[in-house]
Each structure stands twice: as C-alpha cells, then as structure tokens.
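Hi everyone, thanks for making time. Let me put the model up on the screen, and then we can walk through it together.

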Amino acid sequence: MKLSVNPNDKTPIYRQLYEQIAAQVLSGALAPGTPLPPIRTVSKELGVSMITVRGAWDMLERDGYLVTRAGSGCFVAPISAQTRDQRRTEKLTALLDETIAAAKAHGIRDTELVSMLLERWEN
C-alpha cells in the first residue's frame, strides 16, 4: 500500500489518506482481507500525527472500507462488486460535476471540455 500526503494541499491530511485508501480498495489494488499497517507506523512514515491517521482509519471503517479485529489490527473489508461499482460511479460523478462547474465558470464550451478529456485520457 502506497500512501503520501501533501501538507500544502487544501484537503486535510486525514482526508487525503482516506481518499487514497478508498481508491485503492475500490480499484482492487487492496484486496479484501489485506492488513493495513499499524497507525503508529503510518504516522511515523508520513510524519503526521497518530490522531490524524486514526481519524482516517475511523472514517474508512465507518464507511465500510475497513474492519478492525481486536488484537489483530485493521483489514480491508469485503465489499460486493455492486457496492464497489456504485461507489466508484458516485465518486466519479462528483468529480465530473466539479469539473463541469469549473469549465462553465471559465467559459469553456462542452466540446472543448470533451476534447481536453480525450487528450488527457490518451496520455
């Protein structure tokens, strides 16, 4: 599992961690049952507070991405294919809505936006 944080990003660090792990779970890069490293280890490796990492882990568990087993640690939760597909679609739809709103605010036409998307898709 690869994690990184950008302290200059406007997104809080706990949310950056949440988003990265959720994306890895939804993409299949983290399979159900995969153990997550201990909070203390992640905290030290990334140079962030254990409270910050705990916050991300708690949110991931609350949203069904992780399960905690007493004395064993945190593991990737089993997620049905239907739920995984639904969550990926919701996430992408939200990102597309933001992108479309930004494009409209900057006077970019729909054909320009589609062209930009296709250009980046190829790279």
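Let's begin with the charges: Arg15, Glu19 and Lys91 are linked in a network of salt bridges, where a salt bridge is a side-chain nitrogen of Lys or Arg within 4 Å of a carboxyl oxygen of Asp or Glu. Before going on, a word on the source: this is a predicted model, with local features needing pLDDT of at least 70 and side-chain atom pairs counting only at pLDDT 80 or more, while totals for chains, interfaces and linings use all residues. Residues are numbered from 1 along each chain as its sequence is written, and side-chain values use heavy atoms, with hydrogens and water left out.

In the bridge between Arg15 and Glu19, the closest N and O atoms are 2.9 Å apart. Both residues sit in helix H1, 4 residues apart, about one turn of the helix. Helices here are DSSP runs of H or I with at least four residues, strands are runs of E with at least two, and both are numbered from the N terminus. How accessible is Arg15? Arg15 is partly exposed, because its relative accessible area is 29%; buried means under 20%, exposed over 50%, and partly exposed in between, using a 1.4 Å probe and protein chains only. Glu19 is also partly exposed, because its relative accessibility is 23%.

How many salt bridges does the structure hold? There are 6. Another one joins Arg88 to Asp85, with the closest N and O atoms 3.8 Å apart. Those two lie in helix H4, 3 residues apart, again about one turn of the helix. Arg88 has 42% relative accessibility, so it counts as partly exposed, and Asp85, at 38%, is partly exposed as well. Then there is Glu112 with Arg109, where the closest N and O atoms are 3.8 Å apart. Arg109 counts as exposed because its relative accessibility is 53%, whereas Glu112 is partly exposed at 32%.

Now to the inside. In soluble globular proteins, nonpolar side chains tend to be buried together. Here, the largest nonpolar core has 22 residues, and those with the most contacts inside it are Ile21, Val25, Leu36, Val53, Trp57, Leu60 and Tyr65. By nonpolar core I mean a set of buried Ala, Val, Leu, Ile, Met, Phe, Trp, Tyr and Cys residues joined through side-chain atoms within 4.5 Å. The elements giving two or more residues to this core are H1, helix H2 (39–46), helix H3 (50–62) and strand S2 (73–76). Which of them gives the most? That is H1, with 6 residues.

Take Val25 as an example. Leaving aside its neighbours within four places in sequence, Val25 is in contact (heavy atoms within 4.5 Å) with Leu30, Tyr65, Val76, Ile79 and Arg84. Is Gln24 buried or exposed? Gln24 is buried, because its relative accessible area is 15%. Beyond its neighbours within four places in sequence, Gln24 is in contact with Met1, Lys2, Leu3, Ala29 and Leu30.

One last stop, at the segment before H1, where Ser4 lies. The C-alpha atoms of Ser4 and Gln16 are separated by 8.2 Å, with the two residues 12 apart along the chain. Setting aside its neighbours within four places in sequence, Ser4 is in contact with Gln16, Gln20 and Leu46.
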